[in-house]
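Thanks for coming. I will go through one structure, part by part, and keep to what can be computed from the atoms.

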Amino acid sequence: MRVDEVGGLRIATFGTGPRVIIAVHGITASLMAWAAVGRRLPEEWSLVAMDLRGRGHSASLPGPYGLPRHAEDVLRVADHVGAGPDAVLAGHSMGAYVAVLAAAEREFERVVLVDGGLPMPLPPGVDPDETMAAMLGPALARLRQTYPSAEAYVDFFKAHPAFAGWGWSPEVEEYVRYDLTGTEGALRSRAVPEAVREDGRWLLVESESIGAALSAITSPLYLLRAPRGLLDQDTGMLPDALTGEWTARLPGLRDEVVPDCNHYTILFDERCVATVVERLTSGK
């Protein structure tokens, strides 16, 4: 992993091949979410991941946040690494929505959305702040909490429903430890709560903007879905009914459920990672 900086954004490159993948992480994650994928690429490929502003080692970059700002940052990173129209753009979770906005502005060889990217409009009369609190409450609580040691933070994630029933790996632990900052006895996540709240609210209230961007993409478009959710619940982030609506509207959208994974393990489980790598590098 080679580390660089673009205007205060931390970026990391995995692999040394001339073919480039630009990869975007989720709402409370970091570039290390893509490490397992980046380390398993064919030799002709490399993957460039970034810490979005307000996360990881880009946490000190100021707002305003919001997904259009992140999309601008993604395109700036693409320019920095010389990613042309033969590059692949990928995003996981919130990063998939950022990828949708970026891909509406620029041509890529293909765009791969991993368990995200489809608009989820709020029903009429539903308060977006209440919905966001319900959706992100556990994540925001984690961001406000301090931990006495790195081991305590690792133990917190080992008990997380997404990982507790799926085993543990050195790359998951590396992802967790990368997120820590502060002093021993008062360690905390690097993710800025304000950034998470602002981005989460944007996702909820701007579903029409997401839909318009999705419809404007001219690059080949792939969707990889996890059948299980953020907390390993039986229903995934993108249920069949929602996905069916968008595959009907966009006949070129290729939808695939990756079996036996949840919202997190789709980027960490060895078998699921192999599927993600295959779609990124060959589209098959």
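Ser207 has a relative accessibility of 14% and therefore counts as buried; buried means under 20% relative accessible area, exposed over 50%, and partly exposed in between, with a 1.4 Å probe and protein chains only. Ser207 is found in helix 9. Helices here are DSSP runs of H or I with at least four residues, strands are runs of E with at least two, and both are numbered from the N terminus. Leaving aside neighbours within four places in sequence, Ser207 is in contact with Pro119, Met120 and Pro121, where contact means heavy atoms within 4.5 Å.

A word on the basis. This is a predicted model, in which local features need pLDDT of at least 70 and side-chain atom pairs count only at pLDDT 80 or more, while totals for chains, interfaces and linings use all residues. Residues are numbered from 1 along each chain as its sequence is written, and side-chain values use heavy atoms, with hydrogens and water left out.

Next, helix 8, residues 193–205. How far apart are its end C-alpha atoms? They are 18 Å apart, which agrees with the 18 Å that 13 residues should span at 1.5 Å a residue; the expected span is 1.5 Å times one less than the number of residues. The buried residues of helix 8 are Ala195, Val196, Asp199, Gly200, Trp202, Leu203 and Leu204. They pack against helix 2 (67–80), helix 3 (94–103), helix 4 and helix 9 (207–216).

Now Asp115, in the loop between strand 6 (110–114) and helix 4 (128–144). Most residues other than glycine have a negative phi, and most peptide bonds are trans. Asp115 has a positive phi, near 55 degrees. Its relative accessibility is 0%, so Asp115 counts as buried. A salt bridge is a side-chain nitrogen of Lys or Arg within 4 Å of a carboxyl oxygen of Asp or Glu.

The side chain of Asp115 does make a polar contact with the side chain of His263, at 2.6 Å, and reaches the backbone nitrogen of Ala226 at 3.0 Å. A polar contact is a pair of N or O atoms within 3.5 Å; within protein, one must be able to donate a hydrogen and the other to accept it, and residues adjacent in sequence count only if both atoms are side-chain atoms. Not counting residues up to four places away in sequence, Asp115 touches several others, among them His92, Ser93, Met237 and Leu238.

Asp260 also has a positive phi, about 55 degrees, although it is not a glycine. Asp260 lies in the loop between strand 10 (253–257) and helix 11 (270–281). With 54% relative accessibility, Asp260 counts as exposed.

One more backbone item is the cis peptide bond joining Gly63 and Pro64, with omega about 5 degrees. Pro64 lies in the loop between strand 4 (45–50) and helix 2.

Then Thr243, in helix 10, residues 240–249. Thr243 is buried, with a relative accessible area of 1%. Beyond residues up to four places away in sequence, Thr243 touches Leu118, Leu223, Arg225, Leu238 and Asp255.

Last, the charged pairs. How many salt bridges does a search of the whole structure find? The search finds 22. In one of these pairs, the side chains of Glu171 and Arg39 meet at 3.5 Å, N to O. Glu171 lies in helix 7 (residues 170–178) and Arg39 in the loop between helix 1 (35–38) and strand 4, so the pair ties together parts that are 132 residues apart in sequence. Glu171 is buried at 14% relative accessible area, and Arg39 is partly exposed at 39%.

Arg228 has salt bridges to Asp232, at 2.9 Å, N to O, and to Asp234, with the closest N and O atoms 3.0 Å apart. Relative accessibility is 24% for Arg228, which counts as partly exposed, 16% for Asp232, which counts as buried, and 63% for Asp234, which counts as exposed. Elsewhere, salt bridges that share partners join Arg39, Arg40, Glu171, Glu174 and Glu270 into one network.
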